[in-house]
Amino acid sequence: MAVLCASGVASFAQETGSEPDPIKWSISATPTEPGKSDDRFVIELTALIDRGWHLYSTEKVEGGPSPTRIVIPAGQPFEMAGEIDSPAPHASFDPNFQVATEYYDNSVTFTIPIRSLQNSPTPPNSANSNKVRIQVRYQACTQTLCLPPKLLELETSIKIAGAPTAPSQTVPKAVDANALPSLAAGAKVPDFDFTDFFGRSRRFSEFQGRYVLLDFWATWCSPCLADIPHLKESYLKYRTRGFEIIGMDSETLGQGQVDPEFIRDTQARAREIVSTRGITWTQANNDTSVPVALKVFGVDNLPAKILIDREGRVVARVKTSAELDQLLTKLFAEKQ
């Protein structure tokens, strides 16, 4: 399934399968003291970055892109033996997120110190003990187009006495391609449950009798963030006349395997954005928003906005702020 996020400011696309990826990763390992069978090694993780693209650094920026995160997955006889080293990134204002960010272009190598665990449940001379897996989650952009955060797993062999050698490989986490449903204009929206940002169980039917805008968004989608000021204006103008917005936080939409750290990080960022940008309408959390996006509305792009009337029927899938203005002006004029 492809996830595309587009606006006049920036575009987002989840690329899977045989489609090109602007970041090409490679991995290698060497002992800290060449020629010796030691329990300490250095992993070099190199990203070759296509021309015109950039890879964001490991530095997290409030309201910015998803930073590069590198981890050793659990269940291996290895652990980090120090801080990850990388060259100094570039720093400049990012037009996609409207904040200053740090990034790399052309290529970058991350140096990761690791050590083998003596008391690991995996025996030191087992077939798997000389292979180490590294997971990297990253986001890449051009000046006008961005990819959602992507998870990749890479594997390389290291030389441990008594263990066979295995080849290095890259194992991408693929996204299943499934046909999605779609509710056309005039269709009745089935009731659905969701959990809000305060942990309360809610239902869509609570909003019956009002016009409702479902706003599917994510912290990594810059057009979503750019829409916030206009949504605040519309909410202020029409709320007392029977207009509501439900924010549908969809951080993991279109992604395959998602690591717990990414979920925790994006959940915290979503709440931070809601708080710091003065968003006062209801927000559904990612765990309950994404199933609604996929199974009820067939959402395959962000931002996605669906306007629903007082009887619970789809009015339109709203593409622009100007279109939302026109629809709301017409609907509330008809009710006067």
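What follows is a short chat about reading disulfides, a helix and a sheet in a predicted model.

Colleague: Before we start, what are the ground rules for this model?

Modeller: It's a predicted model, where local features need pLDDT of at least 70, side-chain atom pairs count only at pLDDT 80 or more, and totals for chains, interfaces and linings use all residues. Residues are numbered from 1 along each chain as its sequence is written, and side-chain values use heavy atoms, with hydrogens and water left out.

Colleague: How many disulfides does a search of the whole structure find?

Modeller: A disulfide is a pair of cysteine sulfur atoms within 2.5 Å. The search of the whole structure turns up two. In one, the sulfur atoms of C141 and C146 are 1.9 Å apart; in the other, those of C221 and C224 are 2.5 Å apart.

Colleague: Which hand do they have, right or left?

Modeller: For C141 and C146 the torsion about the S-S bond is about 110°, so that disulfide is right-handed. The link of C221 and C224 is right-handed too, with 80° about the S-S bond.

Colleague: And are C221 and C224 buried or exposed?

Modeller: Buried means under 20% relative accessible area, exposed over 50%, and partly exposed in between (1.4 Å probe, protein chains only). C221 has a relative accessible area of 0%, so it counts as buried, and C224 is buried at 4%. Both C141 and C146 are buried as well.

Colleague: On to helix α2. Which of its residues are buried?

Modeller: Helices here are DSSP runs (H or I, at least four residues) and strands likewise (E, at least two), numbered from the N terminus. An α-helix has 3.6 residues a turn, so residues three or four places apart point the same way. In α2 (residues 228-238), the buried ones are I228, H230, L231, S234, Y235 and Y238. They cover an arc of only 160° around the axis, which puts them on the same side of α2; that arc is taken from the directions from the helix axis to the C-beta atoms. The face turned away from the buried side carries the exposed residues E233, L236 and K237.

Colleague: What do the buried residues of α2 pack against?

Modeller: Contact means heavy atoms within 4.5 Å. Their partners include α1 (222-226), α3 (260-276) and β19 (243-249).

Colleague: Last one: what is the strand order in the open sheet of four strands?

Modeller: Two strands pair if DSSP finds at least two bridges between them. The order is β3-β4-β10-β7, with antiparallel pairing. β3 (23-31) and β7 (78-80) stand at the edges with a single partner strand each, so one side of each lacks a neighbour in the sheet. β7 pairs with β10 (residues 107-116) over three bridges, and E79 has R115 in β10 as its bridge partner.
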